[in-house]
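Thanks, everyone. Please have the viewer open.

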Amino acid sequence: MSTGGAESAAAEAMASEAYLAGDAVREARELVAELCRHFYLQGWVTGTGGSITVKANDPTVPLAQQLIVMSPSGVQKERMAAEDMYVMSAEGKVISAPVAKPWPHKHPKCSDCAPLFMKSYLMRGAGAVIHSHGMETCMATMLNPGAKEFRMTHMEMIKGIKGHGYTDELVIPIIENTPYEYELTDSLAEAIAAYPKATAVLVRNHGIYVWGDSWINAKTQAECYHYLLDAAMKMYQLGIDWTTPEHGPINSAKRLRSVASLGVPNGCHTAKSSKHCVVLDIEGTTTPISFVTDVMFPYARDNVRKHLTSTYDSEETKEDIKLLRIQVEEDLKIGVVGATPVAPDDAGKEEVVSSLVANVEAMIKADRKITSLKQLQGHIWRTGFERKELKGVVFEDVPEALKNWQSQGMKVYIYSSGSREAQRLLFGHTSYGDLRQFLCGFFDTTTGNKREARSYFEISQSLGVDNPSQILFITDVLQEAVAAKSAGFEVIISIRPGNAPLPANHGFRTISSFSEI
């Protein structure tokens, strides 16, 4: 090694030692001990359960390289002191462990949650992660044993969750518990990737993981999540539906089976027909394919550079860019056509944006159904609708059908590959007015691939019907029809101008207008 290289390495080592022994790490140790005592009083970390981790905030060190302070496993959380904490590198390697205490204290052990915490740090750029065993976080996952999501809307405390407002629908993914904490790592990572807007994941019969860009943000959100889950439990006890804007009464006949989404907004009541729900595709079903391919996609493609440039420093766009980077890295590994490396942040905004634009244009051209693209498109389209540069288009028979279904007490949902936000924008800004008043919910690819039967099973579990055959699904895509039928749905294929031709003897009923139903 050259003299200069040796001196550089020595200086780096001294800087690392100074960081480890400095105020940032000391304060983070003290903070974790304080938070554990506070959360113990809330019932979140009793019985040695739960855990907390924060990054040691040193402004001179980039967030991705900051050291991590983590509480130990299997100890009385309310009695911990600063010296009981583990300190880990940004990659999750233990670099400082606590000294063992005499009996009856257990030998120190790093938190069993460590692999899961690292997923939040690496995949979300978190500054702190909280794992709670609060009773409400456990009970809320039992309301609908088959549900993969907890949903809630129109509650003031939803505003405390990053990226959400009062009227937004809060969606928390639910993963299944395992005998050992570390076995949850892969399913947690899958949920984080599938729900880019989520800042928490529920573990059924277990608890919740919550992350934020700082300990204050993580703590605030954790408090809001616990409040909302507790409110859902109390609303359930009172027979009130927390999943709809009106918070009307839960259908008592089905209450014990699946409460999470039985109440319906806007005057929908118990269904009067054998079909309780209608689930609609968008492209080629409610809306001409040409509107999506000739208007929506080109608008997103033509405005992606302007959007990324003008909103580059916003938290929303930072999250969009993070997801795109992850997707492009995966694409490059498997050799996806059109994928090119994204410029690093230090290359400057113009270089980063240009490299992103090239990838997004390739994704749009290939009509890829991926969350990172759909989320960005939704944000670009939102600007277009707000500026009245875009207006949602639906076939002329759609508004009347929606009104009729609602008057019959049937619940109508949308299931599209476009993001939920994009769906709401389209139906909220049509030439027929705001049609969202007739819709009870939206599903997108975070529920699952539209050509897989499991996705429709998940929807049937969320809708709380007694039998999947009580759901009518209308689509123009044969493969989606086959998948929905396999899940037990009744299926009708929509024949609209511009739709792809169907093979002979496909075996499904077809319509050219909703008025035929």
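The second largest pocket has a volume of about 1400 Å³. This is a predicted model, so read that volume as a value computed from predicted coordinates. The pocket is lined by 47 residues, and the closest to its centre are Thr-445, Thr-446, Thr-447, Gly-448 and Asn-449.

Which helices and strands supply at least two residues each of that lining? On the helix side there are H3 (114–124), H5 (185–194), H7 (289–310), H8 (315–334), H10 (371–386) and H13 (453–463). Strand E7 (169–175) also supplies at least two. The largest share is that of H5, with six residues.

By residue class, the lining of this pocket divides into 17 charged, 16 nonpolar and 14 polar residues.

Now the cysteines. How many disulfides does the structure hold? The count is zero. Take Cys-36 as one case. For reference, the cut-off for a disulfide is 2.5 Å between the sulfur atoms. Cys-113 is in no disulfide either: its nearest cysteine sulfur belongs to Cys-110, at 9.4 Å.

Are these two cysteines, Cys-36 and Cys-113, buried or exposed? Cys-36 has a relative accessible area of 0%, so Cys-36 is buried. Cys-113 comes out at 5% relative accessibility and therefore counts as buried too, given that the limit for buried is under 20%.

That's it from me.

Conventions
Residues numbered from 1 in each chain as written. Predicted model: local features only at pLDDT ≥ 70, side-chain atom pairs only at ≥ 80, totals over all residues. Heavy atoms only, no water. 1 Å grid on protein atoms, 1.4 Å probe; cavity = no way out; pocket = protein on both sides within 12 Å on 5 of 7 lines; lining within 4 Å. Points joined across faces, edges and corners; volume = space filled by probe spheres on them. Helix = DSSP H or I, 4+ residues; strand = E, 2+ residues; numbered from the N terminus. Nonpolar A, V, L, I, M, F, W, Y, C, P; charged D, E, K, R; others polar. Buried < 20%, exposed > 50% of the residue type's maximum accessible area, 1.4 Å probe, protein only.
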